[in-house]
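Open the structure in a viewer and follow the stops below in order. Each stop says what to select and what is there.

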Amino acid sequence: MGHTIRQIFRSGKFVVGFTILMSVLLVLVVYPWWVPDPPLQILGQGTFFPPGIYVSAYDASNAPVLYTLNLRDAADKRIESRLSQEDRLAMQEWLVADGLPESAIDLADTDALLALWEEHYEPDRRLPGMTFARMRYYQRVDAGLDSLRSAGGGEILAARNPETGELEETGMVKLTDYANISQVANVRILPLGTDNFGRDVLTQLVAATGVSLLIGFVAGLIATAIGLTLGLLAGYIGGWVDDIIMFFTNLFTVIPTFVLLILISFSIGQDQRGAITIAVVIGFTSWVWTTRSVRSQVFSLRNRDHVNLSKLSGHSLPRIIVADILPYIASYVVMALILQISSGILAEAGLSILGLGPRTTEVPTLGLMMNWAMIYQAHVLGNWWAYLPVLLTIALISFSMNLMNTGLDQVFNPALRD
Amino acid sequence: MATDKKLCLSGRGVTKVFGIGRQKLTAVDHVDFDFHEGEIISIVGESGSGKTTLAKMLLGLISSSEGEIYFQGQKRDIRSGRKRQEYWKNIQAIFQDPFSAYNTFHKIDTVLLDCIRMRGGKHLPQARKVELMEEACGFVNLKYAELTHKYPFELSGGQMQRLMIARIFLLKPKILVADEPTSMIDACSRATILDYLMKLRDETGMTLIFITHDIGLAYYVSDTVYIMERGRFVEHGSADSVILRPREPYTRRLISDVPKIHEPWDLSTVVFA
């Protein structure tokens, strides 16, 4: 046993796969210490906030100390960040309509663009074919630029007096005022932004990975247990036992498993479908190929001399199956289990995408996250953070498990040993 | 020939058919035989002639398609697991390939302890069990102290086959089926194995059914010889009568195939098939 394990860990592929899987598990354990929020808590008002560090604007302007930094390019950066590409194109359009050649305008050079704008723009002029709304838009852009340039001193902070209802000055934020981020009371890092409900995607992803792994594990264990038991009985006893078991196995082989899974899930009903229920359903529909392959393995084993010797030594049937057959297919069964876990995770994702996964109110799963992202059109809106990390996680888990399997295959299959 | 002795194992019309339809293969085809107590019987034939299939039917490891096997004059009944276990107390086997005959997950101790348990020694004190195992290993010139806690695959082929004989020594069955016990062993160990087998047979007086493709070996060990060709017994009788006065061309061919070291090879008789 110890020897076998040492051999397994000498296989590079297995070690890589195992390390990936263990890292995923480590993250599952460690992450909740760092962010203890419940995964389905709604943080954001609005959908799909992009990934980033969110600093409370209120706390930043009211930080205990504001530092004065005179940075040379601060003003330019400010204007650049306010002036979107859309605005720049609109400005170019105006200038071209005003008679400037298009080649003379460099959109990337903010200073030059602003100089040209200053020179040519007249707020009250209506170019031929321009709608009133478009005119108002140009006025807004221009007013925005003016206020950015004229706010030399900064902006006044004001609060409404509860008694008089008048605005009263409470402070002043100058353009050169800076808050140290470590002194800002509320900063929230959302490494993967928020989803359509305004929930932290990363926290959700970590919880979902755990639940999906659990579903895969339970489904894999059930499928392997059923498949192994039936395969051993059919293969070893043979005769009418084999006939009956193979009758049901063939029946299940002919019915597409996924269709069966959909029908069962659907008939259970959304309210009854917990994560474990789904796992059990997946387990009970995916034992077929384990049965078939275990049976054929046992078939080739049952007439081996060591089994005959065990019979001649007066061992009972259960004992022969457990002691003389099972150890010889154990490596195969472990490999089948790993594959079953991996395909259980994929089956859950498939079911959930169709809206037949676990109920949505308790725990997230990888499939449910994909489902939500799909329903709220994250892929159309370009909100990659809502689905891409989920896809990568599924791929990573599947990949690591298949890699472990290939490694095990190399150790146990003499024909593949190098 | 020991015709006055009691019948130990006999068969009438014993047949084994594998597969169905076009794939049908008759491995053993209506064979009759009478094996007497204390005899050494050789069943000789080429590869694929059905020797091993017959041996497995005698052992009750596979069922026969047709015909009856009689054990000690009674129709053999091994339909239930309990009856089979009772039958296997009387008949044991040594297999051809020692390398595949042991469960590689079990230590050698387990193999020998199984035999003690089968002889009803399950509740013997540990010291007595060890004593029995030492005696059995000593019989085939193995050292128990060196074998204990070892796995079968750590032994050589010859040692494994000797251990198999030690197993029979512990079990003391009435009948032993030895299915080509020396064919996978190197020539030097071969004689040793045969010697231990004969010594064991002499001590216990058991019936020995010796299955081989080597008619020379059969002549060397046996009282009675059965010649098997394509699932049928074509000739049988005392070793002397069959080998010195063969009636069948098949038997003559088997005899001529035995290499004679002291004579130069006559290449004209060698058939390159």
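Start by colouring chain A by domain: domain 1 covers 2-44 + 196-416, and domain 2 covers 57-185. This is a predicted model. Taken over C-alpha atoms, the centres of domain 1 and domain 2 of chain A are separated by 56 Å.

Stay in chain A and select residues 388-412, which form helix α17. This helix has 25 residues and reaches 36 Å from its first C-alpha to its last, close to the 36 Å expected at 1.5 Å a residue. Among the buried residues of α17(A) are A:P389, A:V390, A:I394 and A:I397. Further along, A:G407, A:L408 and A:Q410 are also buried. What covers the buried residues of α17(A)? Show α1 (2-9), α2 (12-34), α8 (201-237), α14 and α15 (366-375) of chain A, which are included in the cover.

Next, show both chains and look at where they touch. Chain A gives 15 residues to the contact and chain B gives 16 residues. On the side of chain A that touches chain B, the elements giving two or more residues are α13 (305-312) and α14 (317-353) of chain A. The largest share of that side, seven residues, comes from α13(A). By type, the residues on the side of chain A divide into five nonpolar, six polar and four charged.

Now move to chain B and its open sheet of six strands. The strand order is β6-β7-β8-β3-β9-β10 in chain B, and the pairing is mixed. β6 (91-94) and β10 (232-238) of chain B stand at the edges with a single partner strand each, so one side of each has no neighbour in the sheet. On average, neighbouring strands of this sheet are turned by 15° against each other, direction ignored.

β6(B) and β7 (residues 175-179) of chain B run parallel and are joined by four bridges. Within this pair, B:A93 stands opposite B:V177 in β7(B).

α11 lies across β3 (40-45), β9 (224-229) and β10 of chain B, and runs at about 105° to β9(B).

Finish with helix α7 (residues 157-171) of chain B. Its 15 residues reach 21 Å from the first C-alpha to the last, close to the 21 Å expected at 1.5 Å a residue. Is α7(B) mostly covered or mostly uncovered? It is mostly covered, with 13 of its 15 residues buried. Select B:K172, which follows α7(B) and has a positive phi, near 45°.

Definitions and conventions. Residues are numbered from 1 along each chain as its sequence is written. Chains are lettered from A and ligands numbered from 1 in the order in which they are written. This is a predicted model: local features need pLDDT of at least 70, side-chain atom pairs count only at pLDDT 80 or more; totals for chains, interfaces and linings use all residues. Two strands pair if DSSP finds at least two bridges between them. Axes are lines fitted to C-alpha atoms, for helices over the stretch in contact, and angles run from 0 to 180 degrees between N-to-C directions. Two residues are in contact if their C-beta atoms, placed from the backbone, lie within 7 Å. Ala, Val, Leu, Ile, Met, Phe, Trp, Tyr, Cys and Pro count as nonpolar, Asp, Glu, Lys and Arg as charged, and the others, Gly among them, as polar. Domain bounds come from an automatic or database domain assignment. The expected span of a helix is 1.5 Å times one less than its number of residues. A residue is buried if 20 or more other C-beta atoms lie within 10 Å of its own, exposed if 12 or fewer, and partly exposed in between; C-beta atoms are placed from the backbone.
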